[in-house]
Amino acid sequence: MAGRVSGKVAIVTGAASGLGAADARRLAEEGARVILTDINEEAGRAIAATIGGRFVRQDVSDEASWPRLIESVMNDYGHLDVLVNNAGIAIVEDIEAATTENWRRTLAVHLDGTFFGCHYAIPAMKASGGGSLINMSSTAALVGIAPFLAYSAAKGGIRSMTKSIAVHCRARKYGIRCNSIHPGSISTPMVHAALEATAGVKMMETPDPEATRLALGIGEPDDVANMVVFLASDESKHITGAELVIDNGDTVV
């Protein structure tokens, strides 16, 4: 069914590569007007041009960037319907190796970025008659992953934050839904870097990267982007406060 989010205005953070790029592309394919943000301006602008979207350079951990972004979207489009809080970083450090600097930077990007996004998007969505907040968490929020201490902590915080926001918006009858997505291993630059750092596997340098992906049980970005489209669309109008796991069953075996 084409046009599942036709006419909706969506912001996708961390959209210059990986899941964010796939989310932005699928939303655009289904009719949304998409604003892509990232610190990687060159790649972000290239993807925006490809999908017919608009790019804004943004560090999501910079609070001042959020009211500017939301105000410009409301001025230019008149409403905001979807926010995908996707921006993230993953530093390979366990509890003993972790540095305070990397701990704080990881939490700033994930937790502060998601908090700021939801905090500033909610008034705009209220004025727009409702909307969908989609927060990218991870299976790292559900199970212990030793080499990713700060990342796991941040994603766990996003999981809980999402539920709190969902209950808040429901109680106040804002018509705003808030859900978290929990991908397992998906074929993105972040996961490729993690594989190399933790297992020495250089997936994209193997003779057949696609065969390696399948052998390792790694998903594709569209496996997540299709869920984003669903949550952005009115098809999911009765779903809020949910944690949607996309991991091919890894967390249940």
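Helices (H or I, at least four residues) and strands (E, at least two) are here DSSP runs, numbered from the N terminus. This is a predicted model, in which local features need pLDDT of at least 70 and side-chain atom pairs count only at pLDDT 80 or more, while totals for chains, interfaces and linings use all residues. Residues are numbered from 1 along each chain as its sequence is written, and side-chain values use heavy atoms, with hydrogens and water left out.

**Pocket and cavity**

- On a 1 Å grid over the protein atoms alone, a cavity is a set of points where a 1.4 Å probe fits but cannot get out, and a pocket is an open set with protein on both sides within 12 Å along at least five of seven lines; lining residues have an atom within 4 Å of a point.
- Grid points are joined across faces, edges and corners, and a volume is the space filled by probe spheres set on the points.
- The largest pocket has a volume of about 1100 Å³.
- Its lining comprises 49 residues, of which Ala90, Tyr151, Thr188, Met190 and Val191 lie nearest the centre of the pocket.
- Two or more lining residues come from each of helix 1, strand 2 (33–38), helix 4 (100–128), helix 5 and helix 6 (189–199).
- Helix 6 supplies the largest share of this lining, six residues.
- There is one cavity of 30 Å³ or more, and the largest cavity has a volume of about 30 Å³.
- Thr13, Val60, Asn85, Asn86, Ala87, Val109, His110, Gly113 and Thr114 line the largest cavity, to which helix 4 gives the most, with four residues.

**Helix 1**

- The twelve residues of helix 1 (residues 18–29) should span 16 Å at 1.5 Å a residue, and the end C-alpha atoms are 17 Å apart, which agrees; the expected span is 1.5 Å times one less than the number of residues.
- Ten of the twelve residues of helix 1 are buried, where buried means under 20% relative accessible area, exposed over 50%, and partly exposed in between (1.4 Å probe, protein chains only).
- Among the buried residues are Asp23 and Arg26.
- Gly31, which follows helix 1, has a positive phi, near 105°.

**Salt bridges**

- A salt bridge is a side-chain nitrogen of Lys or Arg within 4 Å of a carboxyl oxygen of Asp or Glu, and the count comes to 13 salt bridges.
- Glu235 and Arg4 meet through their side chains in a salt bridge (2.8 Å, N to O).
- This pair links distant parts of the chain, 231 residues apart: Glu235 is in the loop between helix 8 (221–232) and strand 7 (243–246), and Arg4 is in the segment before strand 1 (9–13).
- Arg54 and Asp76 form another salt bridge (2.9 Å, N to O).
- Arg54 lies in strand 3 (residues 54–57) and Asp76 in helix 3 (residues 65–77), so the pair ties together parts that are 22 residues apart in sequence.
- Arg25, Arg26, Glu29, Glu30 and Asp222 are linked in a network of salt bridges.

**Surface and loops**

- Leu142 lies in the loop between strand 5 (131–136) and helix 5 (149–171) and counts as partly exposed, at 31% relative accessibility.
- Ile95, in the loop between strand 4 (82–85) and helix 4, is exposed, with a relative accessible area of 62%.
- Lys202 lies in the loop between helix 6 and helix 7 (209–216) and is partly exposed at 41% relative accessibility.
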